[in-house]
Amino acid sequence: MLILAIDTSTSAITVALRGDGIASSATVLDARGHSEHVAPLVRRCLETAHREPSDVTDVVVGNGPGPFTGLRVGIVTGTVFAHARDIPVHGVCSLDALAVDAAAQVGAGEFLVATDARRKEVYWARYTVGDGDLAGAPRPRRLTDPAVDRPADLPEDVRSLPTAGRGPALYPELFPHALGAHDVQAASLALLGEVLLGEGESLPVEPLYLRRPDALTTAERARA
Amino acid sequence: MSADQPLVLGLETSCDETGVGIVRGEELLVDAIASSVDEHARFGGVVPEVASRAHLEAMIPTIERATRQAGVRLDDLDAIAVTSGPGLAGTLMVGVAAAKSLAVALGKPLYGVNHLASHVAVDIVEHGPLPEPTLAMLVSGGHSSLLLVPDVTHDVRSLGSTIDDAAGEAFDKVARVLGLPFPGGPHIDRVAREGDRVAIDFPRGLTAGRDMDRHRFDFSFSGLKTAVSRWVQAREASGEPVPVADVAASFQEAVTDVLTRKAVLACREHGVEHLQIGGGVAANSRLRAMAQERCDAAGITLRVPRPGLCTDNGAMVAALGAQMVLKGRAPSDLSLPADSSMPVTLVQS
Ligand SMILES: [Zn+2]
């Protein structure tokens, strides 16, 4: 199995290859340049690992949640790559990939992942370090569905948990306990994907927008 | 690859149509389209985020349908082409990312091409090689341009464009005034058939006096739209019924009169013997008829692709991509951006 993992739900545009004795990844930080960077990163990752596109057996994309335009770039890149190579494509919640890095830092107990949703909101979910492990590292278990909210609207006992993601950097007074994991790493997404697929999970690709499109229907406008 | 018959897949996502076309040389094999226009109708116009979500959902099924109907495998392709601009930033990005991924996964060259030049190039798969130079008039909900095209793969010059609304936008707005559904073009065309084209003398923007010096080949449709809505309001205020068919026919006559008059004038002044009309408004029956009459009178050959190829589609992108390959143009870089305001003079990015 050789997994190509892609995530564009945070300001990291991140690509990784994992399996077959290979662990290679490439990441660029650019909150606006998703469509420019992803494909060159995929090519670079393959070249670094001396592998051909035809060697990839599975694609894993981050389902988000994340800012819409960037999120879609990663998902469409992954689904099209898989279609072109006639291999399966899977989707994993991007917050779960961040939680993998966070769990390694907290070691035990509950923590939070809160990423930048723009418009003064965060995408977030609550986690605990669960039973079992991921390739020897602590394994996170998600306790809540991913959601989008204003940070101040989260209960204080939730906000005060150790928090991964850009949330603490953006709202330091609201998330006082920052963890070092800021953006999704495709290497962690690949690891999670590999373990979940090994356990026989089915992982549908579905963009987690969590917000409806920002437009009023003509009927709504007439009522407003 | 066969050097004179490159097999090229074109992807178009600049607005609300997910288009995947496949061309072999100058022959169209398939033009697969998924449109989100019905989802936009309840918003009264295209909502970029709604369109972008629809592109993502439609991408694989549309690619799949195109290759199946054309009877080709993706591995057989010689090149991938994609609309890199102009258009809606968010929708363009879906297509550009998809095309790049195809290029990487298949190891094929990628061409990021201009949407407007593609509207011109599509006629090659309909009527054969494009005469050089050609004068092209592109009229749709997003653009109204007169272009001088010495070589569609690298030399496209702008003679003029709209200074306010696009022609198709005027159709949408007037349709709304008349209580007709979105998109307005086909409904106005249909209703106008029953109406009197000379019932109301609506204004012809930028066609007289100093305007013909400063804006010789430019268009303006917002004054016309305002004139129509004032006329309708006055009718309603006086308690008389609005003659919808006459208003539609007279409005349509004003638009097509200005468009064809300036297009023919541009051909004459630039010594061009071939006029091509493209874009969604080129499907308008009155525009096609009037353009034919005036071109015949002026000794100009008119080329208009069938209506399905005038609106946005993937075939036009594939057609231009194939020309790029045939003329030996270098592929685009894999880091090419989606450029929502790509100038018409930039054929390839
Ligand atoms: Zn167009």
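**Reading strands, helices and a metal site**

Author: B:Met137 stands opposite B:Leu146 in strand 7 of chain B. Before going on, note that this is a predicted model: local features need pLDDT of at least 70, side-chain atom pairs count only at pLDDT 80 or more, and totals for chains, interfaces and linings use all residues. Residues are numbered from 1 along each chain as its sequence is written, chains are lettered from A and ligands numbered from 1 in the order in which they are written, and side-chain values use heavy atoms, with hydrogens and water left out.

Reader: How many bridges join strand 6 of chain B to strand 7 of chain B?

Author: Start with the terms. Helices (H or I, at least four residues) and strands (E, at least two) are DSSP runs, numbered from the N terminus. Two strands pair if DSSP finds at least two bridges between them. Here six bridges join strand 6 to strand 7 of chain B, and the two run antiparallel.

Reader: What is the strand order in the open sheet of chain B with mixed pairing?

Author: The order is 8-7-6-9-10, five strands in an open sheet. Strand 8 (155–161) and strand 10 (301–303) of chain B stand at the edges. Each has a single partner strand, so one side of each is left without a neighbour in the sheet. The twist averages 25° from one strand to the next. For such angles, axes are lines fitted to C-alpha atoms, for helices over the stretch in contact, and angles run from 0 to 180 degrees between N-to-C directions.

Reader: Which strands does helix 11 of chain B lie across?

Author: Helix 11 (residues 285–298) lies across strand 6, strand 9 (274–278) and strand 10 of chain B. It runs at about 160° to strand 10 of chain B.

Reader: Which residues of helix 6 of chain B are buried?

Author: Buried means under 20% relative accessible area, exposed over 50%, partly exposed in between (1.4 Å probe, protein chains only). An α-helix has 3.6 residues a turn, so residues three or four places apart point the same way. In helix 6 (residues 167–177) of chain B, the buried residues are B:Ala167, B:Gly168, B:Ala170, B:Phe171, B:Val174 and B:Ala175. Seen down the helix axis, they fall within an arc of 155°, so they line one face of helix 6 of chain B. The arc is that of the directions from the helix axis to the C-beta atoms.

Reader: What covers those buried residues of helix 6 of chain B?

Author: The cover includes strand 6 (134–139), strand 7 (144–151), helix 7 (184–192), helix 9 (222–237) and helix 10 (244–269) of chain B. Just after helix 6 of chain B, B:Gly179 takes a positive phi of about 75°.

Reader: Why is strand 4 of chain B largely enclosed?

Author: Seven of the seven residues of strand 4 (residues 79–85) of chain B are buried, so the rest of the structure largely encloses it. Strand 1 (residues 7–12) of chain B pairs with strand 4 of chain B in the parallel sense, over four bridges. There, B:Val8 stands opposite B:Ala79. Five bridges join strand 4 of chain B to strand 5 (residues 110–114) of chain B, also running parallel. B:Val82 stands opposite B:Gly112 in strand 5 of chain B.

Reader: Which protein atoms are donors of the zinc ion?

Author: Donors are N, O and S atoms within 2.8 Å of the metal (3.2 Å for Na, K and Ca); water is not among the atoms, so sites may look incomplete. The protein donors here are B:His115 (NE2), B:His119 (NE2), B:His143 (NE2) and B:Asp312 (OD), lying 2.1 to 2.6 Å from the zinc ion. Along the chain, their spacing is H-x3-H-x23-H-x168-D. B:His115 lies in helix 4 (residues 115–121) of chain B, and B:Asp312 in the loop between helix 12 (307–310) and helix 13 (314–326) of chain B, so the pair ties together parts that are 197 residues apart in sequence.

Reader: Are B:His115 and B:Asp312 buried or exposed?

Author: B:His115 counts as buried, at 1% relative accessibility. B:Asp312 also counts as buried, at 15%.

Definitions and conventions:
Contact means heavy atoms within 4.5 Å.
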